[in-house]
Amino acid sequence: MIKIATKADLQTALTWPADADEFKLWFGDNIAFGSQVDTIWMQIKADERATFAFYDQQQLQGFGQCYQKQPGARHIACLIVNAACRGQGLGRRFVTELMQQALAQDDVDYITLNVYPENIPARRLYSDLGFREVGETRGMVSMQYDRPG
């Protein structure tokens, strides 16, 4: 189940990355590992951007954003799945729900996201869901999903 995220959801999700390298896969270079939840909440503009929490069986399993970055598009960002739950298909379910949120808007023609080249499992997941690689942004692979039809 997907719902609007709270600072408490972010606080829980901040316990998932094991180290600064794993944290970077989630937030990139712009947010420092160990930053306070209020600081991160402001940096990701969570009050302005659609920010979601993914729950499965009453437990927080994922955190991410899906917001309008440019006209006709939504952008998925700051996506993380609880490390203890990886490999169980929850990430696929969460991304699929974010995509459904985006495509429920009539003005959305495509969805974008960026992923680090070394994050092979994420790249494979996004490709399986219909995203294609369209370039590079700040050292990350840019991917795009086009609305069917």
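Tutor: Welcome! Numbering runs from 1 along each chain as its sequence is written. In this predicted model, local features need pLDDT of at least 70 and side-chain atom pairs pLDDT 80 or more, while totals for chains, interfaces and linings use all residues, and side-chain values use heavy atoms, leaving out hydrogens and water.

Student: Why is cysteine 78 called buried?

Tutor: Buried means under 20% relative accessible area, exposed over 50%, and partly exposed in between (1.4 Å probe, protein chains only). Cysteine 78 has 14%, so the residue counts as buried. Its place is in strand β4, where strands are DSSP runs of E with at least two residues and helices are runs of H or I with at least four, numbered from the N terminus.

Student: How do you know that the buried residues of α2 are on the same side?

Tutor: The buried residues there are Phe23, Trp26 and Phe27. They cover an arc of only 75° around the axis, which puts them on the same side of α2; the arc is that of the directions from the helix axis to the C-beta atoms. In general, an α-helix has 3.6 residues a turn, so residues three or four places apart point the same way.

Student: What makes aspartate 19 a cap for α2?

Tutor: A side-chain oxygen of aspartate 19 lies 3.2 Å from the backbone nitrogen of aspartate 21, at the N-terminal end of α2. A polar contact is a pair of N or O atoms within 3.5 Å; within protein, one must be able to donate a hydrogen and the other to accept it, and residues adjacent in sequence count only if both atoms are side-chain atoms.

Student: Why do the buried residues of α5 count as lining one face?

Tutor: Ala122, Arg123, Leu125 and Tyr126 are buried in α5. Seen down the axis, they fall within an arc of 160°, so they line one face of the helix. The face turned away carries the exposed residues Pro121 and Asp128.

Student: What covers the buried residues of α5?

Tutor: The cover includes β4, α4, β5, β6 (132–137) and β7 (140–146). After α5 comes glycine 130, with a positive phi near 105°.

Technical notes: Contact = heavy atoms within 4.5 Å.
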